[in-house]
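My entries follow in the order in which I made them.

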Amino acid sequence: MERNTLYPVFLKLDRLRMLIVGAGEVGCEKLTFLLKSSPDAHITVVAKEVLPPVSRLLQEYPCADVAICQKTFAPEDVRGFDLVIAATNFRALNQEVRAAAKAAGALVNVADTPALCDFYLGSIVTRGHLKVAISTNGQSPTFAKRFRQWLEQVLPEDTHLLLQNLKAYRDALSGDFEAKVRELNELTESLVRPPSKSTKR
Ligand SMILES: C[C@@]1(CC(=O)O)c2cc3[nH]c(cc4nc(cc5[nH]c(cc(n2)[C@H]1CCC(=O)O)[C@@](C)(CC(=O)O)[C@@H]5CCC(=O)O)C(CC(=O)O)=C4CCC(=O)O)c(CCC(=O)O)c3CC(=O)O
Ligand SMILES: NC(=O)C1=CN([C@@H]2O[C@H](COP(=O)(O)OP(=O)(O)OC[C@H]3O[C@@H](n4cnc5c(N)ncnc54)[C@H](O)[C@@H]3O)[C@@H](O)[C@H]2O)C=CC1
């Protein structure tokens with residue numbers, strides 16, 4: 001069986017610079033999910049044409065740091081960016097964006113060519129400080145989306161309270177490292193213990 005060998009990390013997009021080239025349906029979808037998960041991200045969009053949904057999206061995030069540069073892409077546009085997403089409708093242009101970004105040392109996502117991506121975007125569920133990211137290794141983004149929607153339904157809205165309480169408990173512990181590990185593990189054991197079988201029928 002083939003394996004998914006991707007290694008997920010959780011980026012602090014408030015301290016990185018991201019460029020999206022292309023603001024059509026895909027550029028807009030990427031921007032939507034980026035802002036939903038990381039409204040504090042610094043994002044620049046370079047595109048010849050910017051679809052109306054992008055302008056509507058930016059109205060939903062009046063505080064977002066999104067710069068729109070309506071222009072034809074030029075290789076020097078990638079200068080200074082850490083992460084670059086190539087989302088134009090031209091495969092050759094996306095490859096040109098990738099080449100420029102790689103030469104500048106950035107990590108690149110090429111929306112129409114998984115083989116040229118350094119990273120994939122995932123489906124994301126957020127509940128307060130809890131964040132779950134899902135990838136199917138590019139096999140079925142639709143499955144990733146559906147699994148995200150399922151998780152959004154089954155994870156209780158107040159999951160963040162559990163985390164808050166655990167953090168308060170963790171902060172209140174005063175023993176050495178090993179004692180803290182033991183106490184926190186004892187406290188949370190019931191979260192993973194299988195439910196005890198009822199003897200009644
Ligand atoms: C490899 C990857 C690279 C990347 O984009 O990062 C990639 C690639 C491609 N996507 C394509 C199509 C679709 N993508 C979506 C949706 C999403 N795609 C996302 C990620 C990824 N898409 C990365 C892998 C993720 C993983 O590992 O699973 C999500 C999770 C995150 C996000 O976009 O932010 C977001 C769901 C967010 C959510 O709702 O939670 C839908 C569904 C829909 O829109 O309803 C469709 C149409 C149906 C279908 O094809 O499945 C095509 C074909 C294009 C064509 O045929 O022209 C390619 C190119 C190819 O596969 O060759
Ligand atoms: N990764 C993913 O989730 C998905 C990827 N795709 C792929 O993504 C690609 C983009 O598709 P769409 O967004 O639907 O296309 P689109 O036609 O809606 O948008 C293309 C965007 O690229 C811009 N553009 C084109 N030439 C440019 C240039 N020289 N300089 C600057 N900007 C330029 C356009 O102005 C527009 O903003 C397609 O190749 C498609 O196969 C499609 C669906 C999902």
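I began with β1 and strand β4 (residues 83–86), which pair in the parallel sense over 4 bridges; strands here are DSSP runs (E, at least two residues), helices are runs of H or I of at least four residues, both numbered from the N terminus, and two strands pair if DSSP finds at least two bridges between them. Within this pair I noted that methionine 18 has leucine 83 of β4 as its bridge partner.

For the record, this is a predicted model, in which local features need pLDDT of at least 70 and side-chain atom pairs count only at pLDDT 80 or more, while totals for chains, interfaces and linings use all residues. Residues are numbered from 1 along each chain as its sequence is written, and chains are lettered from A and ligands numbered from 1 in the order in which they are written.

I then traced the whole sheet, which is open, has 5 strands in the order β3-β2-β1-β4-β5 and shows parallel pairing. Its edge strands, each pairing on one side only, are β3 (65–70) and β5 (107–110). From one strand to the next I read an average twist of 15°, taken between axes that are lines fitted to C-alpha atoms, with angles from 0 to 180 degrees between N-to-C directions.

Next I asked which residues of the largest nonpolar core touch the most other members. Of its 30 residues, they are Met18, Leu19, Ile20, Val21, Val84 and Ala86; such a core is a set of buried Ala, Val, Leu, Ile, Met, Phe, Trp, Tyr and Cys residues joined through C-beta atoms within 7 Å, buried meaning that 20 or more other C-beta atoms lie within 10 Å of a residue's own, with C-beta atoms placed from the backbone. β1 supplies the largest share of this core, 5 residues.

Around ligand 2 I found 21 residues, the closest being Gly22, Gly24, Val26, Thr88 and Asp112, where a residue is near if its C-beta atom, placed from the backbone, lies within 6 Å of the molecule. β1 (17–23), α1 and β2 (42–50) each give two or more residues to this shell, and β2 gives the most, with 4.

Turning to ligand 1, I saw that Ser123, Ser135, Thr136, Pro141 and Lys145 come nearest among the 22 residues around it. Two or more residues of this shell come from each of α1 (25–37) and α4 (141–154), and α4 gives the most, with 5 residues.

How values were computed:
A residue is buried if 20 or more other C-beta atoms lie within 10 Å of its own, exposed if 12 or fewer, and partly exposed in between; C-beta atoms are placed from the backbone.
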